[in-house]
Amino acid sequence: VRRVCEATGGTYVDLEEPGVLEAVELDPTALFQGKRPIVIDEFQQGGDALLRAVKRWVDRRKSPGQVLLTGSTRFTTVPMISESLAGRVVLLDLWPLSQGELRQASDGFVQAVFGAASRLKAFAAPSLTRMDVYRMLCTGGFPAVVRLSGPARQDWYESYIRTITQRDISTFSRVQDLDALQRLVSVLSARTAQLLNLTEIANELDVPRSTLGNYLPLLETVGLVYRLPAWSTNLVSRTVRHRKIYVTDVGLAANLLGVDPKALADPLGRALGPLLETFVAGELARQRTWSRVRATLHHFRDHRGREVDLILEARDGRVVGVEVKASALVQLKDFRGLDYLAGRIGERFRHGVVLYLGDRAMSFGPGRIALPLSALWAL
């Protein structure tokens, strides 16, 4: 954002700089005397007074892109902000870096799986060892972490969690039990990629369920976790309605679980599967923000336990199912959930994909294909 501002000759304002917020609170209109675009960082600190000033200023001008607001929270869910700027703003969630961004690759999986099967079958995977995968999961996508390792990375994550829970959240919400909030982050990391059961978690933390119901949205507001809704249509009945919970950054989840690449290599370990699914869900969530095929992301599970890890549904109703397998071997039985889904929705089903830790694309019949994990960013 700073580079964009410098390249366009705009004005950059950081509301966390000493004295700046106080000046804005006294006279928010003074911000707009600078050269455009006006970039306001940590804008949520200015609250409704600032957003109302932005609203009035934008309404007097017809040219778009004159104001860029950046912040560390999803401002539409911040309790102290009621002004939504509806009709005047485009919202963009800024995720940790994707693998395509880190590797300078195409990041075209979401668009590709709604396209021709021939392209998927012809995919040639770049070289990727299992240890490469383990390191990738433990690194995650926070820019500051990518260049760190060992104790330095652990220190960064610990400071990040402490800062988010003790400072950032307190700027817009009064938390009565900070210890419970921090423990909740750890518990959710242990349950990443699982169905969210608030009653079980409340019992584990020994806090009222109502308290948990208040704390979880706070963690979503600051981008630590997100909930994935269940998918259903009128043709799929008695679907389990529980959402899945995911930690937004897989490296953060791995750190909170206390696992490193060596631990993930242990065949008796239990963290690899959930972390791998967390990684895949995160990559799909990132890609759907820029893919030409605009798709929603869900999970599926019915009352009989038939499930599909992740489902992409395009606006025109086409559906792609994605299963995540932490193994170098794929068998026909791994497509059972995808086959059930395909049988229920018929022509709407585009492809069923099993992402696995092997090194080649394999067809298992029409609309069913196993792809190496690297297809996520290399297609």
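**View 1. Pro37 sits in the loop between α2 (20-26) and β2.** This is a predicted model. The peptide bond that leads from Arg36 into Pro37 is cis. Its omega is near 5°. Strand β2 covers residues 38-41.

**View 2. Strands β1, β2 and β3 make an open sheet of 3 strands, in the order β1-β2-β3.** The pairing is parallel. β1 (11-14) and β3 (67-70) are the edge strands, and each pairs on one side only. From one strand to the next, the twist averages 15°. β1 and β2 are joined by 4 bridges. Across this pair, Tyr12 stands opposite Val39 of β2.

**View 3. Glu42 lies in the loop between β2 and α3 (47-59).** Its phi is near 55°. That is a positive value in a residue other than glycine. Glu42 is buried, and its relative accessible area is 12%.

**View 4. Helix α11 (residues 198-205) has four named buried residues: Leu198, Ile201, Ala202 and Leu205.** They cover an arc of only 100° around the axis, so they lie on the same side of α11. These buried residues pack against two helices, α10 (178-190) and α12 (209-221). At the N-terminal end, Asn197 caps α11. A side-chain oxygen of Asn197 is 3.2 Å from the backbone nitrogen of Thr199.

View 5. Asp206 is exposed, with a relative accessible area of 70%.

**View 6. A second open sheet has 3 strands in the order β4-β6-β5.** Here the pairing is antiparallel. β4 (194-195) and β5 (225-228) stand at the edges with a single partner strand each, so one side of each has no neighbour in the sheet. Between β4 and β6 (residues 244-247) there are 2 bridges. Leu195 stands opposite Lys244 in β6. Helix α15 (residues 272-287) packs on this sheet and touches β5 and β6. The direction of α15 makes about 85° with that of β6.

**View 7. Strands β8 and β9 form a hairpin.** There are 4 residues between the two strands. One turn residue, Gly317, has a positive phi of about 95°. β8 (residues 307-314) pairs with β9 in the antiparallel sense, over 4 bridges. Glu313 has Val319 of β9 as its bridge partner.

**View 8. Strand β9 (residues 319-324) is mostly covered, with 6 of its 6 residues buried.** In a regular strand, side chains alternate between the two faces of the sheet. In β9, Val319, Gly321 and Glu323 point one way. Val320, Val322 and Val324 point the other way. Residues on both sides are buried.

**View 9. β9 also pairs with β10 (residues 349-356), in the parallel sense.** This pairing runs over 6 bridges. Val324 stands opposite Leu355 in β10. From β9 the chain crosses through helix α16 (residues 336-345) to reach β10. This β-α-β crossover is right-handed.

Key: Residues are numbered from 1 along each chain as its sequence is written. This is a predicted model: local features need pLDDT of at least 70, side-chain atom pairs count only at pLDDT 80 or more; totals for chains, interfaces and linings use all residues. Side-chain values use heavy atoms; hydrogens and water are left out. Buried means under 20% relative accessible area, exposed over 50%, partly exposed in between (1.4 Å probe, protein chains only). Two strands pair if DSSP finds at least two bridges between them. A crossover is right-handed if, with the strands pointing away from the viewer, the path from the first strand over the helix to the second runs clockwise. The arc is that of the directions from the helix axis to the C-beta atoms. Contact means heavy atoms within 4.5 Å. A polar contact is a pair of N or O atoms within 3.5 Å; within protein, one must be able to donate a hydrogen and the other to accept it, and residues adjacent in sequence count only if both atoms are side-chain atoms. Axes are lines fitted to C-alpha atoms, for helices over the stretch in contact, and angles run from 0 to 180 degrees between N-to-C directions.
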